[in-house]
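Open the model in your viewer and keep the selection tool at hand. We will go stop by stop.

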Amino acid sequence: TNLQQRRREGPAAALLWQKPRSAAQQRHSVTAILSKMAGADGDDSLYPIAVLIDELRNEDVQLRLNSIKKLSTIALALGVERTRTELLPFLTDTIYDEDEVLLALAEQLGNFTMLVGGPEYVHCLLPPLESLATVEETVVRDKAVESLRKISQEHSPVDLEVHFEPLVKRLASGDWFTSRTSACGLFSVCYPRVSSTVKAEIRQHFRTLCSDDTPMVRRAAASKLGEFAKVLELDYVKSDIISLFTALASDEQDSVRLLAVEACVSIATLLPQEDLETLVMPTLRQAAEDKSWRVRYMVADKFSELQKAVGPEITKNDLVPAFQNLLKDCEAEVRAAAANKVKEFCENLPEDSREQIIMTHILPCVKELVSDTNQHVKSALASVIMGLSTILGKDNTIEHLLPLFLAQLKDECPEVRLNIISNLDCVNEVIGIRQLSQSLLPAIVELAEDAKWRVRLAIIEYMPLLAGQLGVEFFDEKLNTLCMAWLIDHVYAIREAATCNLMKLVEKFGAEWAQNTIVPKVLGMANDPNYLHRMTTLFCINALSEACGQDITTKQMLPVVLKMSNDQVANVRFNVAKSLQKIGPVLDSNALQTEVKPVLEKLATDTDMDVKYFAQEAISVLALA
Amino acid sequence: MSAISASEKVDGFTRKSMRKAQKQRKSQGSSQYRTQSAPVELSPLPQLKDAPSTEQQELFTQKLQQCCMLFDFLDSVTDLKSKEIKRATLNELVDYVSTNRGVLVETAYPEITDMICTNIFRTLPPSENPDFDPEEDEPTLEASWPHIQLVYEFLLRFLENPDFQPSIAKRYIDQKFVLQLLELFDSEDPRERDFLKTILHRIYGKFLGLRAFIRKQINNIFLRFIYETEHFNGVAELLEILGSIINGFALPLKAEHKQFLMKVLIPLHTAKALSLFHAQLAYCVVQFLEKDPTLTEPVIRGLLKFWPKTCSQKEVMFLGEIEEILDVIEPTQFKKIQEPLFKQISKCVANPHFQVAERALYFWNNEYILSLIEENIDKILPIMFGSLYRISKEHWNPTIVALVYNVLKTLMEMNCTLFDELTSSYKADRQREKKKEQERDELWKQLEELRLSNPTLVQNNCHGLPSVQNNNNNNSNNNNNNSNNNNDHQDKSVDAAAVATDDDDPDVSVAANESTPCAK
């Protein structure tokens with residue numbers, strides 16, 4: 001009633017609150033505070049609240065926000081007593097503001113326990129948080145509930161019953177849906193620590209909200225059903241929760257039904273195996289065949305959790321056919337969600353019948369999905385299908401899975417091919433990558449030239465891995481040209497990634513390989529007419545010098561870098577300075593003094609200010625001055 | 001794979017035309033529940049008009065049942081013959097209920113509603129394009145439209161038939177029916193939403209018992225749209241229906257209706273996609289204000305609360321709505337809201353986005369608004385003067401500058417004494433403002449120091465609170481003294497700076513000179 005009264009007064013208070021203050025008034029209050037701050041005889045402990053109030057009333061939201069965000073400073077300065085008796089009532093009475101300010105306030109109050117005097121007084125925080133939990137804006141309300149949940153833990157069992165639980169009840173019977181929605185999130189935190197009579201009341205309130213008039217509240221209740229079930233005694237789970245679960249799972253709105261699927265996981269985990277069949281399975285079966293694709297999607301999305309929760313027997317009898325149906329669903333969204341779960345589902349099948357189930361029930365569906373009409377479905381499948389090879393072993397993989405991998409490597413959608421390539425390591429462990437290499441190459445080449453630079457970037461990132469798996473010969477023969485071609489890509493991000501890729505390859509194949517295959521080509525680009533390519537030479541040298549070692553760096557790379565210091569493009573010249581700084585540590589002191597130093601000194605007198613800057617920086621970093 | 005041109009490689013983004021073309025290809029969706037067993041082939045029934053009148057009713061029923069068969073329209077080659085039969089039958093049924101009297105016997109109602117429900121009620125499919133932008137993209141059209149359209153047509157003719165009896169129909173057209181109908185407003189197909197709009201409007205008109213329910217469910221849809229999903233395709237259509245409903249509300253307005261205005265319609269202004277339904281929304285709001293002028297103040301305060309901060313397009317829409325409201329505002333209501341409102345308008349005229357500034361300045365072309373301003377010039381001029389004066393010099397857009405001069409002139413003519421006063425105190429006021437800002441910065445700096453000097457707080461661990469408190473006071477004492485000295489310095493320098501910048505500004509004299517003739 002107190003709350004309702006306050007709510008009714010809300011708009012009126014708001015008028016006062018937002019009443020524009022004249023400039024003169026404002027000036028007055030600020031100077032008053034200033035003089036108070038200056039005055040040695042004034043009560044100095046007063047000023048923070050004055051500042052706060054003044055700033056809280058400021059017309060500028062940003063300033064109001066600032067003061068709210070520093071609430072803890074102010075509370076600390078006020079001391080616990082005055083925080084409780086002055087600050088909190090002030091905040092409670094004046095809650096009407098922009099949502100941004102309210103959000104900050106809701107968050108602050110969650111950390112306020114110590115500032116009001118510790119757990120003994122934590123209930124003082126309830127009134128402002130209660131008001132915030134009834135606000136329209138979802139983010140504010142959610143934050144208030146989060147803070148309430150947090151401070152509920154700091155209440156003693158007595159305070160929980162005297163202060164906290166009545167608040168939950170008030171919220172649960174509020175007339176606007178927002179407060180009832182907020183109440184849903186608070187039942188589970190107070191239930192375990194109250195007496196059995198209060199427990200009964202809480203259960204009753206939760207039951208009422210599950211059949212609330214507005215779908216918003218039913219959704220909130222459904223989303224907290226699993227959490228609430230976890231804190232209930234098993235008997236009440238069976239008697240109360242199951243009937244609520246069944247009702248919510250057949251709600252008229254699909255947005256409510258789908259949330260019941262989530263709760264299903266927690267509920268099934270709580271119940272003994274023998275009760276699952278009668279209490280949970282009818283609802284779950286119904287959900288898997290719901291007429292709304294959103295509900296079926298949710299079942300597919302939660303399939304691994306559901307599988308674990310119901311155990312191996314029910315999985316074999318019920319979930320396998322349900323999963324087959326989801327893989328064949330008429331909506332692509334549902335198929336994609338199910339395809340994502342193929343590997344996990346197969347992994348978690350009971351070992352004794354795993355292979356048989358996969359071969360006879362799952363694999364036929366998977367085969368169909370490989371040529372699905374929807375690319376999201378195919379790419380979801382491609383991201384997990386390789387994982388099946390470890391489960392099925394070498395022979396089955398070669399006979400049944402390999403054709404699917406090969407088909408997906410030729411898919412028209414680059415994402416599908418990319419997903420296959422990015423998971424090659426699973427197959428490599430089982431059958432070795434050689435089996436795939438013939439098909440792999442065209443797929444890689446095509447991706448390497450894809451029109452979307454993000455696709456090209458993705459394939460570059462798998463190059464070191466592929467190189468390791470395919471071996472140096474295969475790489476030199478087929479992939480080396482690609483790696484070099486990326487260095488002159490039109491997109492900087494690709495050139496950069498290509499540079500980094502070369503470094504990783506050198507780490508893998510060694511300096512000698514670098515000297516023979518990569519370094520000559522990289523250094524050759526130093527004479528390219530395009531200055532971007534000349535710069536790429538420098539970037540490659542930066543990346544490669546360490547991996548290549550002192551010998552190669554001094555003898556082959558350094559001369560090229562030094563020669564480029566005469567480049568006519570300033571960008572190249574200052575990158576020479578940067579490169580010299582970078583490779584300096586790899587060089588011996590003789591080379592530094594006799595070769596690097598003169599060049600840097602010359603660059604330090606360059607006409608371009610950037611060249612000068614970087615040359616001077618290099619000189620000082622390399623201690624050549 | 002086709003050869004890729006260099007330009008495509010460069011930006012990596014496909015051309016819009018290509019994207020469009022791809023979309024076009026699949027802009028056909030169907031939401032019919034597709035897992036039902038394969039349709040049986042239909043065989044044509046005799047024409048209703050050829051049947052003897054004794055058998056017509058029976059034949060009518062048979063045809064209704066025949067039309068309960070659903071077909072897969074995503075597959076354009078299957079069941080062509082049956083699809084055609086169903087189409088022809090539906091056409092015939094539409095014709096039958098719209099031209100004949102006495103065909104709506106009581107037993108026909110369940111058959112009719114059954115046919116309608118089977119055909120139109122379905123879960124809408126997932127959007128083909130998850131980032132569907134209703135302003136840019138082509139909507140996905142309902143593939144089964146050739147049939148569904150006729151079913152909607154039939155439903156409409158059924159409701160409009162002179163023999164239609166709501167007392168019988170209410171057994172079938174019930175809350176569940178309405179709920180499913182409302183969910184269909186989320187359809188991406190504008191043709192479907194248009195039919196639904198007319199149909200829901202007819203149902204609202206004919207079924208008195210469903211009215212409150214319909215309003216409540218629309219409420220729920222809007223609240224979900226605002227606070228949960230931000231996605232619903234039929235907001236504009238629902239608002240259009242509400243616009244005509246509000247018109248018919250009895251006075252005094254019920255609390256339920258006021259709540260709807262304040263808790264649903266006003267928050268709807270926060271939606272990202274406001275442009276799609278703003279016209280309808282503003283119409284509803286103005287309807288409310290014409291009914292009950294005392295709602296003006298809370299409505300305008302609500303709009304000011306949700307005033308867009310970053311989206312200029314939305315800001316222009318808000319200004320448009322404000323003008324619509326001002327067109328019907330009562331002078332007494334205007335007085336209540338003028339200060340906060342014109343503070344916002346003064347921010348708008350100074351907006352660097354010229355469309356926002358222009359839209360706000362256009363208020364001065366509105367005779368009624370001008371008369372309201374004139375009546376309250378002593379309140380409004382001080383609020384507006386600062387930003388008008390500033391942008392008359394600073395705005396980058398010459399059109400805006402020209403408009404601002406006109407507005408300043410108009411305001412000056414309304415009260416030139418006040419105008420002169422403001423002109424001469426402008427510099428001093430700006431200096432004061434700057435000083436005030438400086439003082440505020442100082443204050444917060446002090447508080448920050450207080451916090452930093454207090455390690456306990458930084459760690460957010462306040463076990464030793466009482467002693468901390470003492471420290472705290474000492475610290476703040478010191479800080480105060482120090483800072484006070486600093487403050488003096490700061491103030492001086494700020495004053496100097498402020499004077500300097502103002503000297504740089506072109507002077508007020510232009511406006512001041514203009515005002516002299518008027519002063520005499």
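Helix axes here are lines fitted to C-alpha atoms over the stretch in contact, and angles run from 0 to 180 degrees between N-to-C directions. Keep in mind that this is a predicted model.

**Stop 1: two helices side by side in chain A**

Select residues 472–486 of chain A, helix H30, and residues 511–524 of chain A, helix H32. Their axes come within 12 Å and cross at roughly 15 degrees. Angles under 35 degrees count as roughly parallel. H30(A) and H32(A) are therefore roughly parallel to each other. Their crossing is right-handed. Now show the side chains. From H30(A), the contact uses A:Val472, A:Phe475, A:Asp476, A:Asn480 and A:Met484. H32(A) brings A:Trp513, A:Thr517, A:Ile518, A:Lys521 and A:Val522. Colour them by class: six are nonpolar, two polar and two charged.

**Stop 2: a wider angle in chain A**

Next, select helix H25 (residues 388–409) and helix H27 (residues 424–431) of chain A. How far apart are their axes, and at what angle do the helices pack? The axes are 9 Å apart, and the angle is about 115 degrees. Angles of 65 to 115 degrees count as roughly perpendicular. H25(A) and H27(A) are therefore roughly perpendicular to each other. This crossing is left-handed. On the H25(A) side, look for A:Ser389, A:Thr390, A:Gly393, A:Lys394, A:Thr397, A:Ile398, A:Leu402 and A:Phe405. They meet A:Cys426, A:Val427, A:Glu429, A:Val430 and A:Ile431 of H27(A). By class, this contact has seven nonpolar, four polar and two charged residues.

**Stop 3: an annotated stretch and a covered helix**

Select residues 125–306 of chain A. An unreviewed UniProt entry lists this range as "domain: Phosphatase 2A Regulatory Subunit A helical". The chain here is 79% helix and 0% strand.

Zoom in on helix H19, residues 293–301 of chain A. Its buried residues are A:Trp293, A:Val295, A:Arg296, A:Met298, A:Val299 and A:Ala300. What covers them? The cover includes helix H16 (254–270), helix H18 (281–288), H20 and helix H21 (332–340) of chain A.

Move on to helix H20, residues 303–327 of chain A, and pick A:Thr315. Is A:Thr315 buried or exposed? Its relative accessibility is 1%, so A:Thr315 counts as buried. Leave out residues up to four places away in sequence, and A:Thr315 touches A:Gln307, A:Val310, A:Val320, A:Phe345 and A:Leu349.

**Stop 4: over to chain B**

Of its 520 residues, 49% are buried. Take the contacts in chain B with a separation of 6 or more: 76% of them join residues 24 or more positions apart.

For a pair of helices, select H5 (residues 108–120) and H6 (residues 145–160) of chain B. They pack at about 145 degrees, with axes 10 Å apart. H5(B) passes H6(B) in a left-handed crossing. H5(B) contributes B:Tyr109, B:Ile112, B:Met115, B:Ile116, B:Asn119 and B:Ile120. H6(B) contributes B:Ile148, B:Val151, B:Tyr152, B:Phe154, B:Leu155 and B:Phe158.

**Stop 5**

Pick B:Asn220 in helix H10, residues 211–229 of chain B. B:Asn220 is buried, with a relative accessible area of 6%. Which residues does B:Asn220 contact, leaving aside neighbours within four places in sequence? They are A:Thr214, A:Pro215 and A:Met216.

Then find B:Glu230, in the loop between H10 and H11 of chain B. Its phi is near 55 degrees, a positive value in a residue other than glycine. B:Glu230 is partly exposed, at 46% relative accessibility.

Go on to B:Pro252, in the loop between helix H11 (235–247) and helix H12 (255–268) of chain B. The peptide bond from B:Leu251 to B:Pro252 is cis, with omega near -10 degrees.

Last, select B:Phe354 in helix H17, residues 354–361 of chain B. B:Phe354 is partly exposed, with a relative accessible area of 29%. B:His395 is 41 residues away along the chain, yet the two C-alpha atoms are separated by 8.7 Å. Besides B:His395, B:Phe354 contacts B:Trp396, B:Asn397 and B:Ile400, leaving aside neighbours within four places in sequence.

Methods: Residues numbered from 1 in each chain as written. Chains lettered and ligands numbered in written order. Predicted model: local features only at pLDDT ≥ 70, side-chain atom pairs only at ≥ 80, totals over all residues. Heavy atoms only, no water. Helix = DSSP H or I, 4+ residues; strand = E, 2+ residues; numbered from the N terminus. Left-handed = near helix turned anticlockwise from the far one by under 90°. Contact = heavy atoms within 4.5 Å. UniProt positions renumbered as here; feature names shortened; annotations may be inferred. Buried < 20%, exposed > 50% of the residue type's maximum accessible area, 1.4 Å probe, protein only. Parallel < 35°, antiparallel > 145°, perpendicular 65-115°, else oblique. Nonpolar A, V, L, I, M, F, W, Y, C, P; charged D, E, K, R; others polar.
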